[in-house]
Structure formats: structure tokens, C-alpha cells
Amino acid sequence: MARFILRRVLQSAVVLLGVTLVVFLLLQLVPGDPVRVSLGTRFDPQTYAALRARAGLDQPLPVQYVSYLGHALTGDLGVSFRSGQPVTTIVLERLPATLSLAVTAVVFALLVAFPLGVLSAVRNGSVVDHAARVFSQFGVSVPDFWMGIMGILLFAGVLGWLPPSGYVALTEDPGAWASHVALPAVTIGLVTASILTRFIRSSVLEALAEDYVRTADAKGLRARVVILRHVLRNALIPVVTVVAVQLASLLGGVIVIEVLFAWPGVGRLTYDAVQARDYPVLQGAVLLVAALFLLVNLLVDILYARLDPRITVR
């Protein structure tokens, strides 16, 4: 296991290196001068030249990339053109907001999708099955920003139960945090739940058709025992992959939802960085998203071996 983890960490480092190179090259194609944008009306040639020199933008591109990579290895992702703060500090300050939103949304999605997907598979062709498939199709087809707007109009505008936007840290006031996270988490969670419901249903249906289920039924085991002890354990493996991908995507920041609900997460940070041509912040946010994806994939591979003893990590 230790050798497997070490090899995956080395592979992840190579992937992150490739991510930094691709993002760096793509940013060179974006129109606009970030230093000119950050100066605004305070522009003058001397200040402009000084800021370009301080940011290293007067150097050739290979020198800029090597310099950025060398600083990134020490945890220094540069300084924001707009605020002048270290990028590492800015990104890490935004991460808790995105983390709390992503985890809440995934938990809500699992609470909806898991029982609905299992019931849909066990009662294949029934009213419950048709309702689950309609819900799944609805969630995949309807844009999340539309559901978010409808949620704001209903629960904040008409009923007045929840605040329409904003953020309160969980550590500051758990009650206020819960009221603020409810609308964006449910909006994201409904979309995620619709995707998970389809995969859970398909996975359980596939497991129900296996020979070991027929053998368990032939032994006279109760249906509940067969489902819980035999079907779900084998059906969980592909579902874990989908849940991990969804969680990693949410940890990267849901830009539309974070902008809609004024949620100060990584997605909103990325959006603001693009608007302001703040390239160091944009590079730092993308690097964080890539690192989170790789971390989640590593954890999923380890979890596979725990769920199914037949799977070995080498």
C-alpha cells in the first residue's frame, strides 16, 4: 500500500507539472494586459514598467514559467495583481467556503439518490421506478442556475424562510451558516442527486442479475438481507467513482452557483480573477482544483481495496 501511494503521488506530481504548463501557455493567449487592467485610471509609463518588472512579465516566457514553477514548489504562487496579497493566502481563505458547500451538497444528494436509486432498481417497472427516472431526467435537463433562481424567488422572496445570498462561516455561527448554505447546497444537490440516482439504479440492477443473488434467494434468505448484505456491497464500487468525481468537481468550485448566491468560494474567486485578468490568482485556483481532483482519485483507489477484497493495489 505504501509503495502504491508513493507511486501515485509521483504520478500526481507529473500531472500537476503538466497542468501548470498548459495553464501558463493558455493564459498567454488571453487578450488584455493584466498590469494595465490592475492600474486602471492610475496608469503612467513608469508605474506600468515597474509593476511588469516586479511581476516578471518583462522576461521571456520560458524564464517566466521556470520562475513560477520554482516558487510554486515552495508554496509561493505569486501575488495578486488586483489586491497585492499572496495568492496562496487568497486561495486558502476561499477553500473552506467551497468545502462546506460541496460536502453539504454531496451529503444531501446521497440522502436523496441512494434510497431512490435502490428502490427504483428493486421495484423495477413500478410507479416508484418511473418517478425516479422522471426525477433523474428532470435534474439532468434543467439548468442549475434556473433552479437556483426559482429557489431564491420561492424561499427567500415569497416565503422569506432563507436568505437569498451571502455566507457565514460554520465556525462563527452554525445556525446562520445552515440557513445560508441551504439554497445553494440543495440547488447543486438536486443536480448531483439526479446523476447519482441513475448510476445507483443501474448498478443495483446489474448486481441483482448476478448468480450469487439467485443463490442467496434459493437459500431462502429474506429480500432485505440479500439487498443489504450482497447486492449493495457489490453495487457500491461504480457508485463510489461517480460520487468521487462529483465531489471533486464541486470542490473545484461551482462558478455559476457561487456567483448567483454570492458565495465566496473558489468558483467565485476564479470568476473574479478572469474578469480582472488576475493571472496569478487564476493559476493558483486551477492548480488547487487539479490537486483536489488527484487527491480524491487517490482516496477512491484506496477505498476500492476496502470495499472489494478482490481488488489489489500494486
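Student: How much space lies in the second largest pocket?

Tutor: Rolling a probe the size of a water molecule over the atoms shows where empty space is left. On a 1 Å grid over the protein atoms alone, a pocket is an open set of points with protein on both sides within 12 Å along at least five of seven lines, and a cavity is a set where a 1.4 Å probe fits but cannot get out. In this predicted model, the second largest pocket holds about 320 Å³. Its lining has 15 residues, and the closest to its centre are L16, A72, L77, L287 and A291. Lining residues have an atom within 4 Å of a point.

Student: Which elements give two or more residues to that lining?

Tutor: They are α1 (2–29), α4 (61–73), α5 (87–122) and α13 (279–307). Such helices are DSSP runs (H or I, at least four residues), numbered from the N terminus.

Student: Which residues line the largest cavity?

Tutor: V19, T20, V23, Y68, Q283, V286 and L287 line the largest cavity, where about 30 Å³ of space lies. Here α1 and α13 each give two or more residues.

Student: Is F138 buried, partly exposed or exposed?

Tutor: Buried means under 20% relative accessible area, exposed over 50%, and partly exposed in between (1.4 Å probe, protein chains only). F138 has 44%, so F138 is partly exposed. F138 is found in helix α6 (residues 127–141).

Student: What should I know about the numbering and the model?

Tutor: Residues are numbered from 1 along each chain as its sequence is written. Local features need pLDDT of at least 70, side-chain atom pairs count only at pLDDT 80 or more, totals for chains, interfaces and linings use all residues, and side-chain values use heavy atoms, with hydrogens and water left out.

Terms used
Points joined across faces, edges and corners; volume = space filled by probe spheres on them.
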